[in-house]
Amino acid sequence: MAPGKLLIFVGIILVIVGVIWTIIGKLPGDFTFKKGNVTVYFPLMTSVILSVILTLILWLIGKFNGR
């Protein structure tokens, strides 16, 4: 796959993920802790989903580059 086509493919995936993320907002596995003036946000499920998506993208890049 040519680098230009690969960048378009990755860009489309990122746009789709961004739209879904905007619509859904906070995922069920994301935790927020508030105490006084301190708020801690721990995006566990978001991290897992991003990890899976990036793993798939990198796997596709490796597959199409013949590695």
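**Entry 1: terms and ground rules**

I start with a term. A patch is made of residues with over 30% relative accessible area and no salt bridge; like charges are joined within 9 Å, and nonpolar side chains (Val, Leu, Ile, Met, Phe, Trp, Tyr) within 5 Å. A salt bridge is a side-chain nitrogen of Lys or Arg within 4 Å of a carboxyl oxygen of Asp or Glu. Accessible areas come from the Shrake-Rupley method with a 1.4 Å probe, and for residues only the protein chains shown count as cover.

I note that this is a predicted model, where local features need pLDDT of at least 70, side-chain atom pairs count only at pLDDT 80 or more, and totals for chains, interfaces and linings use all residues. Residues are numbered from 1 along each chain as its sequence is written, and side-chain values use heavy atoms, with hydrogens and water left out.

**Entry 2: the whole protein**

I looked up the elements. I found 2 helices and 2 strands. Along the sequence they follow the pattern α-β-β-α. The radius of gyration is 16 Å, well over the 11 Å that the globule rule gives for 67 residues, so the protein is more spread out than a compact globule. That radius is taken over C-alpha atoms, and the rule is 2.2 Å times the number of residues to the power 0.38. Helices (H or I, at least four residues) and strands (E, at least two) are DSSP runs, numbered from the N terminus.

Next I looked up the extent. The C-alpha trace spans about 55 × 25 × 20 Å along its principal axes. The accessible surface comes to about 5500 Å², and carbon and sulfur atoms hold 76% of it.

How much of the protein is buried? Buried residues make up 12% of the 67 residues. Buried means under 20% relative accessible area, exposed means over 50%, and partly exposed lies in between (1.4 Å probe, protein chains only).

I also checked contacts, meaning heavy atoms within 4.5 Å. Among contacts between residues at least 6 apart in sequence, 28% join residues at least 24 apart.

**Entry 3: the nonpolar patch**

Now I use the opening term. I found a nonpolar surface patch of about 1100 Å². Its residues include Phe 31, Phe 33, Val 38, Val 40, Phe 42, Leu 44, Ile 49 and Trp 59. Strands β1 (30–35) and β2 and helix α2 each give two or more residues to this patch. Which element gives the most? Helix α2 does, with 7 residues.

- Val 40 is in strand β2 (residues 38–43). Val 40 is partly exposed, at 44% relative accessible area. Leaving aside neighbours within four places in sequence, Val 40 is in contact with Phe 31, Thr 32 and Phe 33.
- Leu 44 is in helix α2. Leu 44 is partly exposed too, with a relative accessible area of 39%. Not counting residues up to four places away, Leu 44 touches Gly 29, Asp 30 and Phe 31. Leu 44 and Gly 29 are 15 residues apart in sequence, yet 5.9 Å apart in space, C-alpha to C-alpha.
- Ile 49 is found in helix α2. Ile 49 is partly exposed, at 36%. Ile 49 and Val 17 are 32 residues apart in sequence and 9.9 Å apart in space, C-alpha to C-alpha.

Is Asp 30 buried or exposed? Asp 30 counts as buried, because its relative accessibility is 4%. Asp 30 sits in strand β1.

I then searched for polar contacts. A polar contact is a pair of N or O atoms within 3.5 Å; within protein, one must be able to donate a hydrogen and the other to accept it, and residues adjacent in sequence count only if both atoms are side-chain atoms. I listed these for Asp 30:

- Its side chain and that of Tyr 41 are joined by a polar contact of 2.9 Å.
- The side chain of Thr 46 makes a polar contact with the side chain of Asp 30 at 2.7 Å.
- The side chain of Asp 30 reaches the backbone nitrogen of Leu 44 at 3.4 Å.

Beyond four places in sequence, Asp 30 touches Tyr 41, Phe 42, Pro 43, Leu 44, Met 45 and Thr 46.

I looked up Thr 46 in helix α2 (residues 44–64). Thr 46 counts as buried, because its relative accessibility is 6%.

Thr 32 is in strand β1. Thr 32 is partly exposed, at 34%. With residues up to four places away left out, Thr 32 touches Lys 26, Thr 39, Val 40 and Tyr 41. Thr 32 and Phe 42 are 10 residues apart in sequence and 6.2 Å apart in space, C-alpha to C-alpha.
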